[in-house]
Structures are given as C-alpha cells and as structure tokens.
Amino acid sequence: MKIGIIGAGHIGANAARLFTEAGHEVAIANSRGAETLRDLVAELGERAQAVGVEDAAKFGEVVFVSIPFGKYRELPADAFDGKIVIDSNNYYPDRDGNFAELDGNETTSSQMLAEHLGGARVVKGFNTIWFEHLKTQGDCDLPLEERRVIFIAGDDAEAKETVAKLIEDIGFAAVDTGDLPGGVAQQPGTAIYNRNLTASEAQAILGSEGY
Ligand SMILES: NC(=O)c1ccc[n+]([C@@H]2O[C@H](COP(=O)([O-])OP(=O)(O)OC[C@H]3O[C@@H](n4cnc5c(N)ncnc54)[C@H](OP(=O)(O)O)[C@@H]3O)[C@@H](O)[C@H]2O)c1
C-alpha cells in the first residue's frame, strides 16, 4: 500500500520504518523540506522517499499525520480529499497552546483535524503508544490475541478496517474505541494511555471506564 507520512519525528520516522519493513511504500515529509530527510530515507531503503507535505498527502492511499497538534491548520486540506488519514496527534496545551474548545471538552483534537481536512476519512490511531514501544513491541509471530494493542477510532468503518490491517502488518492488534468522538478514550491521561495491553485486557478496561 502507498502511505504518505507527515511528520518525521519520534512517531512518524518509526512508523515509516515499520511500514517499509512490512513491504509498504512510504513518502515522508516534515516542515523543513525533503532535503532534511535525506539520511532517514537512505536508511529506510528503496521503499521510502522524502517529499513535501502536499506530495506526501497526494501520494498516500493512507496518510499518517504525526505532527504537534497545534500545527494542524498548516496542513493543505485539499491534498487530503478522499484519503484515509491516521491521526496520531495528541493535544498538549504546554506544547500546542490552549484551544478553548478542547479545554472545555466541546470537541476532540481528531474531530478538529477532520473538520479542517473536510473530505478526508480520519481514523484516530497510534495515540496511546510511546514511540520507543512502537519501535520494539510489535511482533508478527504472535497470534493477534497475544499482541500489544494499538487503538483506533473513527466514523468510517471501511477506513478503520484498512488502518486495522496496517496495524496488524506491523505486529500489533487493533482495538476500536468507537466513532471519532469516542477517540476521547485514547487521549493523554486516560486509563489506556501508554499501557501495554492485549485486546482482552484493553476491552476490560474500556468496559469498566464506561466506553
Ligand atoms: N512521542 C511519542 O511517543 C508519541 C506517542 C503518541 C502520539 N504522539 C503524538 O504524535 C505527534 C508527533 O509526535 P512526535 O513525538 O513524533 O513529535 P516530534 O518528534 O516532535 O516530530 C514532529 C514532526 O512533525 C513535523 N512537523 C511539525 N509541524 C509540521 C507541519 N506544519 N507540517 C509538516 N510537518 C510538521 C516536524 O518537522 P520539523 O522537524 O521539520 O519541524 C517533525 O518531523 C504529536 O502530536 C504527539 O503528541 C507522540
């Protein structure tokens, strides 16, 4: 599958590594330009290329967005039209500045991204896993029920299926926390945030938390 990756930091670069190792093609972008990603793509090999943000979005059948949440309005919305978008962004006011609608629990960061991107099929995902664990804890040799979970949420069932399959391709298992507003279960500070859980352990916690 062709995957555009926007953000080449702790999460984006590791996701790119895992996806290329799983046989997918990636085009990766950051804010400073493709030339600053030359070393990374050389290390990732022939399935990876460095591009600009708009080209990464256009390249991907799936576009993985992993930037500081506060920058989301810089993304060129038109380039995401019809794309399945994985939103790994978390809202940290100290880093991102305050967003009154999030501080007042009127909406979620993923709904705000979806609103900005308009025509994209946004799936929240990869939000609760620390990058060092993303790098090391996937294991394709394990049956799904024994693997660490990566959570997803979204309004488009087919898009979620596609993202769940990508999660399985890199050695994890997907657990769905519901529609996009239901992604609130994955936000920093929740009971499943930064926890190494199997699917049945995750379902038990989500159930007891009322999700
Ligand atoms: N770190 C974790 O373990 C972890 C876990 C789960 C979720 N998250 C969330 O995932 C997101 C990324 O985290 P991270 O730790 O990978 O961040 P990071 O290491 O700081 O990397 C951020 C990346 O985003 C790029 N970027 C910033 N603004 C951009 C823009 N307007 N257009 C394109 N690219 C832009 C940066 O490019 P430049 O360097 O060129 O500016 C950089 O490559 C955050 O929202 C974070 O809260 C992080």
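Guide: Let us start with Asn105, which sits in the loop between helix H5 (100–103) and helix H6 (109–117). Helices (H or I, at least four residues) and strands (E, at least two) are DSSP runs, numbered from the N terminus. This is a predicted model, in which local features need pLDDT of at least 70 and side-chain atom pairs count only at pLDDT 80 or more, while totals for chains, interfaces and linings use all residues. Residues are numbered from 1 along each chain as its sequence is written, and side-chain values use heavy atoms, with hydrogens and water left out.

Visitor: Why is Asn105 called exposed?

Guide: Its relative accessible area is 68%. With a 1.4 Å probe and protein chains only, buried means under 20%, exposed over 50%, and partly exposed in between. Asn105 is therefore exposed.

Visitor: How do you know whether Ile170 is buried or exposed?

Guide: The relative accessible area of Ile170 is 6%, so by the under 20% rule Ile170 is buried. Ile170 lies in the loop between helix H8 (157–169) and S8. Beyond its neighbours within four places in sequence, Ile170 is in contact (heavy atoms within 4.5 Å) with several residues, including Leu18, Phe19 and Phe126. Ile170 and Thr20 are 150 residues apart in sequence, yet 9.5 Å apart from C-alpha to C-alpha.

Visitor: What makes the eight strands a sheet, and in which order do they lie?

Guide: Two strands pair if DSSP finds at least two bridges between them. The eight strands form an open sheet in the order S3-S2-S1-S4-S5-S6-S7-S8, with mixed pairing. S3 (48–50) and S8 (173–176) are the edge strands, because each pairs on one side only. Strand S5 (residues 84–87) and strand S6 (residues 121–125) pair in the parallel sense over four bridges, and Asp87 stands opposite Lys124 in S6.

Visitor: Why is the protein described as compact as a globular protein of its length?

Guide: The secondary structure comes to nine helices and eight strands. The radius of gyration is 16 Å, close to the 17 Å that the globule rule gives for 211 residues, so the protein is as compact as a globular protein of that length. This radius is taken over C-alpha atoms, and the rule is 2.2 Å times the number of residues to the power 0.38. Buried residues make up 50% of the 211 residues.

Visitor: Why is the pair of Phe19 and Phe64 called edge-to-face?

Guide: Rings of Phe, Tyr and Trp (its six-membered ring) pair if their centres lie within 6.5 Å; planes under 30 degrees apart count as stacked, over 60 as edge-to-face and the rest as tilted. A search of the whole structure finds nine aromatic pairs. The rings of Phe19 and Phe64 have centres 6.1 Å apart and planes at 70 degrees, so the pair is edge-to-face. Phe19 lies in helix H1 and Phe64 in strand S4, so the pair ties together parts 45 residues apart in sequence. Phe19 and Phe64 are buried.
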